[in-house]
Amino acid sequence: MGKLSVKYLGLDLRSPLIVSSSRLTSNLAHLKEAEEFGAGAVVLKSLFEEQIDHYIHTIPDSTGYPEADDYISNYMRSNTVDEYLDLIRSAKESLSIPVIPSINCYSSGGWTGFAKNIAEAGADALEINVFFLPVDRKKSAAESEKIYLELIEKLKKTIRIPVVVKIGFRFSNILNIIDQFYVRGVSGVVMFNRFYEPDIDLNKIDIVPAKIFSTESEMRYVLRWIGMASAQDIKIYISASTGVHSGSDAIKYILAGAHSVQVCSVLYEKGLKYLVNMNREIEEWMDQKGFTSVNDFRGRLNYRNYSKPVIYERTQFMKYFATED
Ligand SMILES: Cc1cc2nc3c(=O)[nH]c(=O)nc-3n(C[C@H](O)[C@H](O)[C@H](O)COP(=O)(O)O)c2cc1C
């Protein structure tokens, strides 16, 4: 067991750094590189619920002849989905780090049965990236959240590998939704996803995509919730995501209580090799501070362990200045 090794979802990771779902994890060559440069695990590029639906609906009803059914279903399969299952199998054969496939979904519809194929292909866990834009003003927040819970219940009946839910931070009560995941058997939560957002180009007077890659400053939206979620009395693994651009950023999330830290934008910008620097930076800091394992400092500054938990509760700058006077 190396100094950086951690447990995540019950799996042994040699480093807390995970290459998060994106094009960087969409083929075997990249996955091998991620392993070579020190990733603790990889989350594969997401398959979309729509792709799975398409795959399921192109398989016609049974002909009554099993051999013919096999032939037809094989013939009709969408390449993308088959390629995805092949990627899981080949990644499992070639890599020794955990391989976590991912599905982008927005409903608890018919796709969930497909999770079985993912588990059978050898996946170590399944990450589901759930998001739908709540644009129906007649639908309450509770009704929208029900979709997450139904989906999780269906998945838990279908597969035995750990299920991880990647969420956005726009919940009325994040700690409550995580608690509801936990009681339904979810093993981990990724906090948080970063979505495609619109921006406005003033020259063209047009809507354009906002910046695709994150900046370090976005960590400010995440840190509080990692600090608070990790202090709850529940056994759920937390993977931090958004804004990690250095080993120091990863250390901050771990101090706040994350079990693992996902990295994406900075690896697009600097290449997968940058993982070497990040791991080195974490190790050097640990040496300086006299920590021999990541567990020595994980959660040290979370809501429960920090001497002044009120810091986590502060939201208004006015209050901050008033109490500092
Ligand atoms: C180009 C690009 C593609 C992405 N594709 C996916 C995806 O397929 N599934 C997913 O769950 N997240 C996807 N993400 C989100 C990342 O996994 C990550 O959660 C997000 O970028 C925040 O991490 P970062 O600040 O390190 O970039 C993508 C991000 C980028 C920049």
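In this predicted model, the bridge partner of S102 in β8 is E127. This pair belongs to a set of four bridges that join β7 to β8, two strands that run parallel. In general, the strands of a sheet pair through backbone hydrogen bonds, either parallel or antiparallel.

Stepping back to the whole sheet, 10 strands are arranged in the order β5-β7-β8-β9-β10-β13-β14-β3-β4-β6, forming an open sheet with parallel pairing. At its edges stand β5 (47-48) and β6 (99-100); each has a single partner strand, so one side of each is left without a neighbour in the sheet. Elsewhere in the sheet, β3 (residues 17-19) is joined to β4 (residues 41-43) by two bridges, and these strands also run parallel. Here I18 has A41 of β4 as its bridge partner. Helix α11 (residues 274-289) packs on the sheet, where it touches β3 and β14 (260-263), and its direction makes about 165° with that of β3.

Helix α11 also has a helical neighbour. Helix α9 (residues 247-256) packs with α11 at an angle of about 60°, and their axes are 8 Å apart. The two helices are therefore oblique to each other, and α9 passes α11 in a right-handed crossing. At this meeting place, G247, S248, A250, I251 and L255 of α9 come together with M278, E281, I282 and W285 of α11. Eight of the 10 residues of α9 are buried, so this helix is largely enclosed by the rest of the structure. Among the buried residues are D249, Y253 and I254. The surroundings of the buried α9 residues include β3, α8 (223-229), β13 (237-241) and α12 (310-313), against which they pack. Just after α9, G257 takes a positive phi of about 125°.

An α-helix has 3.6 residues a turn, so residues three or four places apart point the same way. The buried residues of α6 are S144, E145, I147, Y148, L149, L151, I152 and L155. They pack against β7 (102-105), α5 (115-120), β8 (126-130), β9 (163-167) and α7 (174-183).

Several loops also deserve a look. L9 lies in the loop between β1 (6-8) and β2 (11-13), and its phi is near 60°, a positive value in a residue other than glycine. With a relative accessible area of 7%, L9 is buried. T242, in the loop between β13 and α9, likewise has a positive phi, of about 110°, although it is not a glycine. T242 counts as buried at 11% relative accessibility. S187 sits in the loop between α7 and β10 (188-191). Is this residue buried or exposed? Buried means under 20% relative accessible area, and S187, at 19%, therefore counts as buried. Leaving aside neighbours within four places in sequence, S187 is in contact with L9, P162, V163, I236 and Y237. Finally, a cis peptide bond, with omega of about 0°, joins M191 and F192; F192 lies in the loop between β10 and β11 (198-201).

Technical notes: Residues numbered from 1 in each chain as written. Predicted model: local features only at pLDDT ≥ 70, side-chain atom pairs only at ≥ 80, totals over all residues. Heavy atoms only, no water. Pairing = 2+ DSSP bridges. Contact = heavy atoms within 4.5 Å. Axes fitted to C-alpha atoms, helices over the stretch in contact; angles between N-to-C directions. Buried < 20%, exposed > 50% of the residue type's maximum accessible area, 1.4 Å probe, protein only. Parallel < 35°, antiparallel > 145°, perpendicular 65-115°, else oblique. Left-handed = near helix turned anticlockwise from the far one by under 90°.
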